[in-house]
Amino acid sequence: TAFAHQIITLDPLLTIAENLRLAAQLAGLARDRAHQAVNREAAAFALTNRLNTRVSKLSGGLARRAHAARAFVTGRPLIVLDEPDAGVDRDARALLAARCAKAASESNAAVVTVTHDAELAGSAGRVIALAAARVVADGTPTELLAGLCEVIARTAAPIDTPTEADTITDAAGTLFIGPDADAVESAAAGLARAGHAVTLAK
């Protein structure tokens with residue numbers, strides 16, 4: 001199991017590459033495989049041009065990305081991430097969501113993420129919602145949203161269009177949600193007029 005704590009625990013005196021390489025080698029990867037894994041995760045988290053930068057010189061968002069990359073570089077079949085999106089921007093959340101999905105599809109790894117972010121949760125294959133240490137909901141993001149919203153609209157590809165409806169974007173497209181059915185239907189109609197393929201469900 002590889003675990004990324006909510007508190008960043010990278011060695012601040014080492015570079016990103018040195019931190020990732022150390023994690024890979026401690027996980028038992030041979031030198032060549034460790035080198036490949038470091039380059040793979042650097043690319044996945046858009047850190048390639050920062051590999052030789054000391055962690056102490058990184059911004060909080062870059063350090064958070066490197067921290068998550070260290071969990072993936074181990075190649076372990078179970079990866080647990082505690083609030084990996086804390087203090088990061090939307091682009092970093094998108095990179096994280098894409099890496100989690102790729103790990104599940106290509107290496108058959110299980111990625112468990114603790115998050116309060118609806119966009120990151122929306123990219124998961126399964127969401128378990130907890131309240132007062134009890135499970136209050138369990139299902140796919142679409143299933144859970146269907147129980148909360150009057151109308152859901154999904155585009156055929158990710159888009160970034162301002163609307164009054166709340167949105168969740170993943171690799172499959174952008175999901176428009178909200179208890180206000182009129183806002184979602186209005187957003188869907190506007191997107192359809194603009195030429196986007198939109199699926200509307202009630």
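This is a predicted model: local features need pLDDT of at least 70, side-chain atom pairs count only at pLDDT 80 or more; totals for chains, interfaces and linings use all residues.

Colleague: What does the secondary structure of the chain come to?

Modeller: The chain has 7 helices and 9 strands, and buried residues make up 39% of its 202 residues.

Colleague: Why are α1 and α3 called roughly parallel?

Modeller: Helix α1, residues 16-26, packs with helix α3, residues 60-72, at an angle of about 25°, and because angles under 35 degrees count as roughly parallel, the pair is described in that way. Their axes lie 8 Å apart, and the crossing is right-handed.

Colleague: Which residues make the contact, and how do they divide into nonpolar, polar and charged?

Modeller: From α1 the contact takes I16, N19, L20 and A23, while α3 contributes A66, A69 and R70; these residues divide into 5 nonpolar, 1 polar and 1 charged.

Colleague: What puts the buried residues of α1 on the same side of the helix?

Modeller: The residues in question are I16, A17, N19, L20, A23 and A24, each of them under the cut-off of 20% relative accessible area. They cover an arc of only 165° around the axis, and therefore they sit on the same side of α1. In general, an α-helix has 3.6 residues a turn, so residues three or four places apart point the same way.

Colleague: What covers those buried residues of α1?

Modeller: The cover includes α2, residues 31-44, together with α3.

Colleague: Which residue just after α1 takes a positive phi?

Modeller: That is G28, with a phi of about 100°.

Definitions and conventions
Residues are numbered from 1 along each chain as its sequence is written. Side-chain values use heavy atoms; hydrogens and water are left out. Axes are lines fitted to C-alpha atoms, for helices over the stretch in contact, and angles run from 0 to 180 degrees between N-to-C directions. Helices (H or I, at least four residues) and strands (E, at least two) are DSSP runs, numbered from the N terminus. Angles under 35 degrees count as roughly parallel, over 145 as roughly antiparallel, 65 to 115 as roughly perpendicular and the rest as oblique. A crossing is left-handed if the near helix is turned anticlockwise from the far one by less than a right angle, and right-handed if clockwise. Contact means heavy atoms within 4.5 Å. Ala, Val, Leu, Ile, Met, Phe, Trp, Tyr, Cys and Pro count as nonpolar, Asp, Glu, Lys and Arg as charged, and the others, Gly among them, as polar. Buried means under 20% relative accessible area, exposed over 50%, partly exposed in between (1.4 Å probe, protein chains only). The arc is that of the directions from the helix axis to the C-beta atoms.
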